[in-house]
Amino acid sequence: MADSSFDVVSKIDRQEVDNALNQTAKEVGHRFDFKGTGAEISWSGDNIEIKANSEERANAVLDVFKEKIVKRGLSLKVLDSGEPRLSGKEYRLTVALKEGIDQENAKKISKLIRDEGPKGIKAQIQGDELRVTSKKKDDLQEVIALLKGKDLDIALQFTNYR
(Lines give C-alpha, C1' and ligand atoms only; values in the text may rest on other atoms or scores of the structure.)
Protein backbone atom coordinates (compact mmCIF):
# COMPACT_ATOMS: atom_id res chain seq x y z
CA MET A 1 0.00 0.00 0.00
CA ALA A 2 1.30 3.47 -0.90
CA ASP A 3 2.08 6.05 1.75
CA SER A 4 -0.46 8.75 2.51
CA SER A 5 0.69 12.36 2.42
CA PHE A 6 -0.25 16.02 2.58
CA ASP A 7 1.54 19.33 1.97
CA VAL A 8 1.97 22.11 4.52
CA VAL A 9 1.92 25.45 2.70
CA SER A 10 1.60 29.13 3.50
CA LYS A 11 -0.28 30.80 0.67
CA ILE A 12 -2.30 34.00 0.44
CA ASP A 13 -5.54 34.38 -1.47
CA ARG A 14 -4.64 37.67 -3.20
CA GLN A 15 -8.23 38.23 -4.33
CA GLU A 16 -9.45 38.15 -0.72
CA VAL A 17 -6.69 40.60 0.31
CA ASP A 18 -7.69 42.87 -2.58
CA ASN A 19 -11.36 42.68 -1.53
CA ALA A 20 -10.42 43.56 2.07
CA LEU A 21 -8.31 46.48 0.82
CA ASN A 22 -11.17 47.80 -1.33
CA GLN A 23 -13.63 47.50 1.57
CA THR A 24 -11.19 49.35 3.83
CA ALA A 25 -10.68 52.13 1.26
CA LYS A 26 -14.46 52.53 0.95
CA GLU A 27 -14.97 52.62 4.73
CA VAL A 28 -12.11 55.11 5.24
CA GLY A 29 -13.66 57.35 2.57
CA HIS A 30 -17.07 57.33 4.29
CA ARG A 31 -16.26 57.37 8.01
CA PHE A 32 -16.54 60.70 9.81
CA ASP A 33 -13.41 60.22 11.95
CA PHE A 34 -11.27 59.92 8.78
CA LYS A 35 -12.63 63.11 7.14
CA GLY A 36 -9.86 65.63 6.46
CA THR A 37 -7.06 63.33 7.62
CA GLY A 38 -5.83 62.40 4.13
CA ALA A 39 -6.15 58.74 5.12
CA GLU A 40 -5.92 56.28 2.25
CA ILE A 41 -4.89 52.69 1.62
CA SER A 42 -3.63 51.28 -1.69
CA TRP A 43 -1.40 48.69 -3.35
CA SER A 44 2.25 49.61 -3.76
CA GLY A 45 3.69 46.79 -5.86
CA ASP A 46 3.32 43.61 -3.77
CA ASN A 47 2.94 45.60 -0.55
CA ILE A 48 0.10 47.69 0.84
CA GLU A 49 0.71 51.34 1.65
CA ILE A 50 -1.30 53.36 4.16
CA LYS A 51 -1.06 57.16 4.22
CA ALA A 52 -2.50 59.62 6.75
CA ASN A 53 -1.66 62.99 8.29
CA SER A 54 -1.00 61.53 11.77
CA GLU A 55 0.48 58.37 13.22
CA GLU A 56 -2.78 57.55 15.03
CA ARG A 57 -4.87 57.80 11.85
CA ALA A 58 -2.43 55.55 9.95
CA ASN A 59 -2.70 52.95 12.73
CA ALA A 60 -6.51 53.33 12.72
CA VAL A 61 -6.60 52.56 8.97
CA LEU A 62 -4.41 49.50 9.66
CA ASP A 63 -6.87 48.35 12.35
CA VAL A 64 -9.79 48.67 9.92
CA PHE A 65 -7.81 46.69 7.32
CA LYS A 66 -7.00 43.94 9.87
CA GLU A 67 -10.69 43.74 10.77
CA LYS A 68 -11.61 43.26 7.08
CA ILE A 69 -8.86 40.62 6.64
CA VAL A 70 -10.24 38.59 9.56
CA LYS A 71 -13.83 38.88 8.26
CA ARG A 72 -12.64 37.43 4.95
CA GLY A 73 -11.28 34.34 6.71
CA LEU A 74 -7.57 35.14 6.38
CA SER A 75 -5.05 34.96 9.19
CA LEU A 76 -3.43 38.14 10.51
CA LYS A 77 -0.13 36.22 10.37
CA VAL A 78 0.06 36.98 6.63
CA LEU A 79 0.53 40.69 7.42
CA ASP A 80 3.93 42.13 8.32
CA SER A 81 3.40 45.78 9.21
CA GLY A 82 6.07 48.20 10.33
CA GLU A 83 5.79 51.45 12.24
CA PRO A 84 4.37 54.60 10.62
CA ARG A 85 7.18 56.85 9.40
CA LEU A 86 7.04 60.54 8.58
CA SER A 87 7.43 61.29 4.88
CA GLY A 88 7.09 64.98 4.15
CA LYS A 89 3.82 66.10 5.73
CA GLU A 90 2.21 62.67 5.93
CA TYR A 91 2.79 59.41 7.75
CA ARG A 92 3.28 56.27 5.65
CA LEU A 93 2.92 52.71 6.83
CA THR A 94 4.02 49.81 4.62
CA VAL A 95 2.38 46.41 5.13
CA ALA A 96 4.15 43.43 3.54
CA LEU A 97 2.40 40.14 2.83
CA LYS A 98 4.16 36.98 4.05
CA GLU A 99 3.78 34.02 1.72
CA GLY A 100 5.64 30.71 1.58
CA ILE A 101 7.50 28.83 4.29
CA ASP A 102 11.13 29.95 4.55
CA GLN A 103 13.92 27.43 5.29
CA GLU A 104 14.16 28.38 8.96
CA ASN A 105 10.44 27.86 9.63
CA ALA A 106 10.39 24.69 7.49
CA LYS A 107 13.19 23.21 9.63
CA LYS A 108 11.38 24.27 12.81
CA ILE A 109 8.11 22.62 11.67
CA SER A 110 9.96 19.48 10.51
CA LYS A 111 11.72 19.19 13.89
CA LEU A 112 8.40 19.73 15.69
CA ILE A 113 6.81 16.89 13.69
CA ARG A 114 9.74 14.56 14.42
CA ASP A 115 9.86 15.39 18.14
CA GLU A 116 6.17 15.58 19.05
CA GLY A 117 4.42 13.73 16.25
CA PRO A 118 3.72 9.99 15.98
CA LYS A 119 6.55 7.64 15.00
CA GLY A 120 6.99 6.77 11.33
CA ILE A 121 6.16 10.25 10.02
CA LYS A 122 8.49 11.75 7.43
CA ALA A 123 8.65 15.51 6.74
CA GLN A 124 10.45 16.62 3.60
CA ILE A 125 11.18 20.26 2.66
CA GLN A 126 10.28 21.03 -0.97
CA GLY A 127 11.05 24.65 -1.82
CA ASP A 128 8.62 26.85 0.12
CA GLU A 129 6.40 23.98 1.28
CA LEU A 130 6.69 20.83 3.37
CA ARG A 131 5.51 17.32 2.38
CA VAL A 132 4.49 15.06 5.26
CA THR A 133 4.16 11.31 4.59
CA SER A 134 3.12 8.32 6.66
CA LYS A 135 1.78 4.80 6.22
CA LYS A 136 -1.32 5.59 8.34
CA LYS A 137 -3.82 8.35 7.63
CA ASP A 138 -4.62 8.63 11.34
CA ASP A 139 -1.02 9.71 12.00
CA LEU A 140 -1.38 12.45 9.39
CA GLN A 141 -4.53 13.68 11.14
CA GLU A 142 -2.55 13.81 14.39
CA VAL A 143 0.17 15.90 12.74
CA ILE A 144 -2.42 18.36 11.35
CA ALA A 145 -3.97 18.70 14.82
CA LEU A 146 -0.49 19.16 16.33
CA LEU A 147 0.43 21.94 13.88
CA LYS A 148 -2.92 23.69 14.31
CA GLY A 149 -2.41 23.64 18.08
CA LYS A 150 1.03 25.25 17.94
CA ASP A 151 1.37 29.03 17.77
CA LEU A 152 3.73 29.43 14.83
CA ASP A 153 4.49 32.87 13.38
CA ILE A 154 3.22 31.94 9.90
CA ALA A 155 -0.24 31.04 8.60
CA LEU A 156 -0.40 27.36 7.56
CA GLN A 157 -2.73 25.54 5.19
CA PHE A 158 -2.86 21.79 4.51
CA THR A 159 -3.29 20.73 0.88
CA ASN A 160 -3.05 17.62 -1.34
CA TYR A 161 -4.27 15.27 1.38
CA ARG A 162 -4.04 11.74 -0.07
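Helices (H or I, at least four residues) and strands (E, at least two) are DSSP runs, numbered from the N terminus. The model shown in these close-ups is predicted, so local features need pLDDT of at least 70 and side-chain atom pairs count only at pLDDT 80 or more, while totals for chains, interfaces and linings use all residues. Residue numbers start from 1 along each chain as its sequence is written, and side-chain values use heavy atoms, with hydrogens and water left out.

**View 1**
With a relative accessible area of 4%, Ser10 is buried (buried means under 20% relative accessible area, exposed over 50%, partly exposed in between, with a 1.4 Å probe and protein chains only). The Ser10 side chain reaches the backbone oxygen of Ala155 at 2.8 Å. That is a polar contact, a pair of N or O atoms within 3.5 Å; within protein, one must be able to donate a hydrogen and the other to accept it, and residues adjacent in sequence count only if both atoms are side-chain atoms. Setting aside neighbours within four places in sequence, Ser10 is in contact with Lys98, Glu99, Gly100, Ile101, Ile154, Ala155 and Gln157 (contact means heavy atoms within 4.5 Å).

**View 2. The open sheet β7-β8-β1-β9.**
Here 4 strands form an open sheet in the order β7-β8-β1-β9, with antiparallel pairing (two strands pair if DSSP finds at least two bridges between them). At the edges lie β7 (122-126) and β9 (157-159), each of which pairs on one side only. On average, neighbouring strands of this sheet are turned by 30° against each other, direction ignored. β1 (residues 4-9) and β8 (residues 129-134) run antiparallel and are joined by 5 bridges; Phe6 has Val132 of β8 as its bridge partner. β7 and β8 are also antiparallel and joined by 5 bridges, and Ala123 stands opposite Val132 in β8. In the hairpin of β7 and β8, 2 residues lie between the strands, and Gly127 takes a positive phi near 65°. As for β8 itself, 5 of its 6 residues are buried, so the strand is mostly covered.

**View 3. Helix α4 across the sheet and against α3.**
Helix α4 (residues 137-149) lies across β1, β8 and β9 and runs at about 15° to β1. For such values, axes are lines fitted to C-alpha atoms, for helices over the stretch in contact, and angles run from 0 to 180 degrees between N-to-C directions. Helix α3 (residues 103-116) packs with α4 at an angle of about 120°, with their axes 11 Å apart. That makes α3 oblique to α4 (angles under 35 degrees count as roughly parallel, over 145 as roughly antiparallel, 65 to 115 as roughly perpendicular and the rest as oblique). Ile109, Leu112, Ile113 and Glu116 of α3 make the contact with Val143, Leu146 and Leu147 of α4. The crossing of α3 and α4 is right-handed (a crossing is left-handed if the near helix is turned anticlockwise from the far one by less than a right angle, and right-handed if clockwise).

**View 4. The crossing of α1 and α2.**
The axes of α1 (residues 14-30) and α2 (residues 55-71) come within 9 Å and cross at roughly 135°. The two helices, α1 and α2, are therefore oblique to each other, and their crossing is right-handed. From α1, Val17, Ala20, Leu21, Gln23, Thr24, Glu27 and Val28 meet Val61, Val64, Phe65, Lys68 and Ile69 in α2.

Our last stop is Glu49, in strand β3 (residues 47-52). Its relative accessibility is 12%, so Glu49 counts as buried. The side chains of Glu49 and Arg92 are joined by a polar contact of 3.3 Å. Not counting residues up to four places away in sequence, Glu49 touches Glu40, Ile41, Ser42, Ser44, Arg85, Arg92, Leu93 and Thr94. Strand β2 (residues 40-44) pairs with β3 in the antiparallel sense over 5 bridges, and Glu40 stands opposite Lys51 in β3. The hairpin of β2 and β3 has 2 residues between the strands, and Gly45 takes a positive phi near 70° there.
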